[in-house]
Structure formats: C-alpha cells, structure tokens
Amino acid sequence: RGRGMRHFPAPLLNCVQIRRLDFSNNDVKRIPFEIVQLSQLEILVLENNLLTNLPLHLCQLSHLSKMRLQNNKIKRLPGELCKSSSYFVSEGGRGWE
C-alpha cells in the first residue's frame, strides 16, 4: 500500500488464499489477468491509482463482493460488472471499511 508501485508483484498473484487486497495509493494503470488466481479474494481496494478501466476478468473472481476504486480515471464500468448485484463498487464516499 502506497509504495508507488506500477504493477502487481508476481509473487503476490500466487497467494491464492488472499481475501483482501489493498493496493491503494500506487501508480497502477491496469489490473493483470493473473489476478484471477486469487480465487478467494473478497475485497479489492485500488483507490488513488491510475486505472482507466476495469477488465472483464474481474467477473471470474466468484468471491469478490467489494471494490473501492475512488480517485482513479475510470470513466465507466463494464456492463457485466454493472449487472452483477453481488458487487459493491465505491467511486466515492466511505461506503464500507
């Protein structure tokens, strides 16, 4: 969290038991496909990065229920994410902790 990282470290993406991933306050521009290996991920925090879109492969994370994305450059969410009632996507405010 907050180390100016531009990419998700490969060893991190091999930790399949991670339930919460906080990668806020970095310089991440994209979410790699390999994130689908985090099959137990429930909460994804990516505030204050340089993301411009969310990839559809996030839909493969069956346990993912919350994402915090504020202060990025995301203009719109993929339709598949918007249709899913299981996601809570926060673009602003403090919807959850």
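Where is the place of Asn48? Asn48 sits in the loop between β2 and β3 (66–68), strands being DSSP runs of E of at least two residues, numbered from the N terminus. Asn48 is not a glycine, yet has a positive phi of about 55°. At 30% relative accessibility, Asn48 is partly exposed (buried is under 20% relative accessible area, exposed over 50%, partly exposed in between; 1.4 Å probe, protein chains only).

The model is predicted: local features need pLDDT of at least 70 and side-chain atom pairs count only at pLDDT 80 or more, while totals for chains, interfaces and linings use all residues. Residues are numbered from 1 along each chain as its sequence is written, and side-chain values use heavy atoms, with hydrogens and water left out.

The chain has an average pLDDT (the predictor's confidence in each residue, from 0 to 100) of 82, and 78% of the residues score at least 70. Mean confidence is highest in β1, at 95, and lowest in strand β4 (residues 88–90), at 55. Over residues 93–97 the pLDDT is below 50. Where pLDDT is low, the predicted coordinates should not be read in detail.

One aromatic pair is present (ring centres of Phe, Tyr and Trp, the last by its six-membered ring, within 6.5 Å; planes under 30 degrees apart are stacked, over 60 edge-to-face, the rest tilted). The ring centres of Phe8 and Phe23 are 4.5 Å apart and the planes lie at 10°, so the pair is stacked. Phe8 and Phe23 are both buried.

Technical notes:
Helix = DSSP H or I, 4+ residues; strand = E, 2+ residues; numbered from the N terminus. Contact = heavy atoms within 4.5 Å.
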